[in-house]
Amino acid sequence: MEWINWNQLKENEKCFFMDDEIPRLHNEHKNRIFTCTGKNAREFRADALSKIPEYSYLVSSPNRKEVSLSIIDAWGDPEKEQEVRSWLYGLGIPYSKEVYLLYDNQVVRTEWKILVKYWDCFANNVGMVMVVVDSSWSWACEFHHEDVISFYDYSKNT
């Protein structure tokens, strides 16, 4: 799989950030964001989701712990955006953990810390859902288009 660093992306390939959000992105953080698009991204997404036990955003699974947070009032409100960051931090994922943000036709590889800091930028342009996973396949964090974040933990039920 070919990963392209943020600094090598064309402007239209940075579509998971809105133009006015890009100035917020620190230079050191740009080096921690990689992306893959097209067929490779779709195959990676399908493979990743198939590795998560009983995963589906369409049905509920009795074998997972689930917590959700409404973010409908958080957009554009710095205090509430920080509350969402605190909620994400409280999920207990190590900041240095490498994660994959699965969009329909794009996969972003970064660290949990980068996702937490820029959650609003990454989630601003999701289609149906952006799913975040790591290589343990023991959890999934969904950013839904209807302004809800759902975290599913499979490790505590196995």
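Me: How many helices and strands does the chain have, and what makes a run count as one?

Reply: The chain has 5 helices and 8 strands. Helices (H or I, at least four residues) and strands (E, at least two) are DSSP runs, numbered from the N terminus. This is a predicted model: local features need pLDDT of at least 70, side-chain atom pairs count only at pLDDT 80 or more, and totals for chains, interfaces and linings use all residues. Residues are numbered from 1 along each chain as its sequence is written, and side-chain values use heavy atoms, without hydrogens and water.

Me: Why is Val-129 called buried?

Reply: Buried means under 20% relative accessible area (1.4 Å probe, protein chains only). Val-129 has 2%, so Val-129 counts as buried. Val-129 is found in strand E6, residues 129-133. Of the 158 residues in the chain, 46% are buried.

Me: What makes a nonpolar core, and which residues have the most contacts inside the largest?

Reply: A nonpolar core is a set of buried Ala, Val, Leu, Ile, Met, Phe, Trp, Tyr and Cys residues joined through side-chain atoms within 4.5 Å. The largest has 33 residues, and Trp-112, Phe-122, Val-132 and Phe-143 have the most contacts inside it. A second, separate core of 16 residues includes Val-131 and Tyr-152.

Key:
Buried < 20%, exposed > 50% of the residue type's maximum accessible area, 1.4 Å probe, protein only.
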